[in-house]
Amino acid sequence: MSDTPRKARVKWAGDLTFIGESPSGHSVVMDGGADSGGRDHAIRPMEMLLLGMGGCSSIDVILILKKARQKVVDCWVELESERAPEPPRVFTKIHAHFVVVGHNLDDKHVERAIQLSKEKYCSASVQLGALADITTSFETRAAEV
């Protein structure tokens, strides 16, 4: 990625529903919850932020494990978060638990991949980590033959 400005757009679609258009040309619908006057028809913006971190980290983990010649057949990350009680309700704690399924996986490689993602490669983790305490854990599972 270069540091050339990239344009995104978020357009109001009525009530508290908005359509986000990414610089890469993809769209996503966002909505507020019923408790804030939204219609609860789509993901909340802060949920997207959390999922963005999970997606960013997961991509890194898979790429790093592939480079380490680990035979991964499945991977997911379960995210738990806490937010500040008062506005701005920033994330204060995030825990990411990775589950990596594969053949003859080496725990040391998995642990290192997660650490590298969190500390070096995942922009979302580094950005959110400026305000939130981010912790990680993982488990490896043998793939069925």
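## Close-up views of a predicted model

**View 1. A cis bond between two prolines.** Pro 88 lies in the loop between E4 and E5. Strands (E, at least two residues) and helices (H or I, at least four residues) are DSSP runs, numbered from the N terminus. The peptide bond that joins Pro 87 and Pro 88 is cis, with omega at about -5°. Please keep in mind that this is a predicted model, where local features need pLDDT of at least 70, side-chain atom pairs count only at pLDDT 80 or more, and totals for chains, interfaces and linings use all residues. Residues are numbered from 1 along each chain as its sequence is written, and side-chain values use heavy atoms, with hydrogens and water left out.

**View 2. The open sheet E4-E5-E6.** Three strands form this open sheet, in the order E4-E5-E6 and with mixed pairing. The edge strands, each pairing on one side only, are E4 and E6. From one strand to the next, the twist averages 15°; axes here are lines fitted to C-alpha atoms, for helices over the stretch in contact, and angles run from 0 to 180 degrees between N-to-C directions. Strands of a sheet pair through backbone hydrogen bonds, in a parallel or an antiparallel way.

**View 3. Both sides of E5.** Which way do E4 and E5 run, parallel or antiparallel? Strand E4 (residues 71–83) and strand E5 (residues 91–103) are antiparallel and joined by twelve bridges; two strands pair if DSSP finds at least two bridges between them. For a landmark here, look for Asp 74, which stands opposite Val 101 in E5. With strand E6 (residues 133–142), E5 pairs in the parallel sense, over ten bridges. Ala 96 stands opposite Thr 136 in E6, and Ile 94 has Ile 134 as its bridge partner in that strand.

View 4. Helix H2 (residues 107–121) lies across E5 and E6 and runs at about 150° to E6. Ser 125 has its place in helix H3 (residues 123–129). Is Ser 125 buried or exposed? Its relative accessibility is 4%, so Ser 125 counts as buried; buried means under 20% relative accessible area, exposed over 50%, and partly exposed in between (1.4 Å probe, protein chains only). Setting aside neighbours within four places in sequence, Ser 125 is in contact (heavy atoms within 4.5 Å) with Met 53, Ser 57, Lys 118 and Ile 134.

View 5. Asp 15 is not a glycine, yet its phi is positive, at about 50°. This residue lies in the loop between strand E1 (9–12) and strand E2 (17–21). Asp 15 is partly exposed because its relative accessible area is 46%. For Asn 104, also a residue other than glycine, phi is positive and near 50°. Asn 104 sits in the loop between E5 and H2, and it counts as exposed because its relative accessibility is 76%.

**View 6. Cysteines without a bond.** How many disulfides does a search of the whole structure find? The search finds zero, a disulfide being a pair of cysteine sulfur atoms within 2.5 Å. Cys 75 is in no disulfide, and the nearest cysteine sulfur, that of Cys 122, is 13 Å away. Cys 122 counts as buried because its relative accessibility is 0%.
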